[in-house]
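Please study the sequence and the structure before reading each solution.

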Amino acid sequence: MGRYFEEFAIGERVEAPSRSIAVADIDGFAALTGDVNRLHVDDDFARTQGFRERIAHGALVLSVALGMAWQTGILEDTTRAFREIETWKFTSPVYPGDVLSLVVEVTALKPYPRLRSGTVSFLATVTNDRGETVCGGTLHLLMVMQIGRAHV
C-alpha cells in the first residue's frame, strides 16, 4: 500500500531503485510509438550528429522515471490521478547501458478535503551512472487522503 496525502512532508526525499536503459528498450519504444527518428535507431547517424551512439527518446526516459517512482511503493493504490508535468527539462542524452537513478523531493502539498484527496508536488531529478543530471521537473499527483479510505 502506498502513502496517503497526509503522510507526505515538504522537503522529504525518496530515492527509487535504479534502472538500466537497453537498446531493446529504445527499439521497443520506437516501435510502440512510431517515433523512429534516426537519432534513436541508427548509431551511425547519431554519431554524425555529435552523439557517441543512438540515444534514448526523451519520452522514454520520462516514462521510465515515472515507472521508477512507482517502484518506490509510495504511490501504490493511493494515487488518484497524475495531474501535471511542470517545467520538465532534458539536459543530457541517455545512451544504451546507462543506469538511471531517480530522486523525488516533496515541494508542495495542496489539500482538497471535498475530494478526499490532495495534490502532492514532487521535484524529480533523474541522473545517470556518471553523476550527470539527464532530466527533471515537477510532477503533480492527486493522492488519496486517509479520510477518503473506504471502510470495509
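A crossing of two helices is called left-handed if the near helix is turned anticlockwise from the far one by less than a right angle, and right-handed if clockwise. The model used here is predicted.

**Exercise 1.** Describe how helix α1 packs against helix α4.

*Solution.* Two packed helices are described by the angle between their axes and the distance between the axes. Helix α1 spans residues 23–33 and helix α4 residues 58–71; their axes come within 10 Å and cross at roughly 110 degrees. Angles of 65 to 115 degrees count as roughly perpendicular, and α1 is therefore roughly perpendicular to α4. The crossing of α1 and α4 is right-handed. Asp25, Ile26 and Phe29 of α1 make the contact with Ala59, Leu60 and Ser63 of α4. By type, the residues of this contact are 4 nonpolar, 1 polar and 1 charged.

**Exercise 2.** Classify the aromatic pair found in a search of the whole structure.

*Solution.* The search finds 1 aromatic pair. The ring centres of Phe8 and Phe122 are 5.6 Å apart, and the ring planes stand at 85 degrees. Planes over 60 degrees apart count as edge-to-face, so the pair is edge-to-face. Phe8 belongs to the segment before β1, whereas Phe122 is in strand β5, 114 residues apart. Both Phe8 and Phe122 are buried.

**Exercise 3.** Determine whether Ala124 is buried or exposed.

*Solution.* Ala124 is located in strand β5. Buried means under 20% relative accessible area; Ala124 has 2%, so Ala124 is buried. Beyond its neighbours within four places in sequence, Ala124 has contacts that include Trp88, Leu102 and Cys135. The C-alpha atoms of Ala124 and Leu102 are separated by 6.9 Å, with the two residues 22 residues apart along the chain.

Note on methods:
Residues are numbered from 1 along each chain as its sequence is written. This is a predicted model: local features need pLDDT of at least 70, side-chain atom pairs count only at pLDDT 80 or more; totals for chains, interfaces and linings use all residues. Side-chain values use heavy atoms; hydrogens and water are left out. Axes are lines fitted to C-alpha atoms, for helices over the stretch in contact, and angles run from 0 to 180 degrees between N-to-C directions. Helices (H or I, at least four residues) and strands (E, at least two) are DSSP runs, numbered from the N terminus. Angles under 35 degrees count as roughly parallel, over 145 as roughly antiparallel, 65 to 115 as roughly perpendicular and the rest as oblique. Contact means heavy atoms within 4.5 Å. Ala, Val, Leu, Ile, Met, Phe, Trp, Tyr, Cys and Pro count as nonpolar, Asp, Glu, Lys and Arg as charged, and the others, Gly among them, as polar. Rings of Phe, Tyr and Trp (its six-membered ring) pair if their centres lie within 6.5 Å; planes under 30 degrees apart count as stacked, over 60 as edge-to-face and the rest as tilted. Buried means under 20% relative accessible area, exposed over 50%, partly exposed in between (1.4 Å probe, protein chains only).
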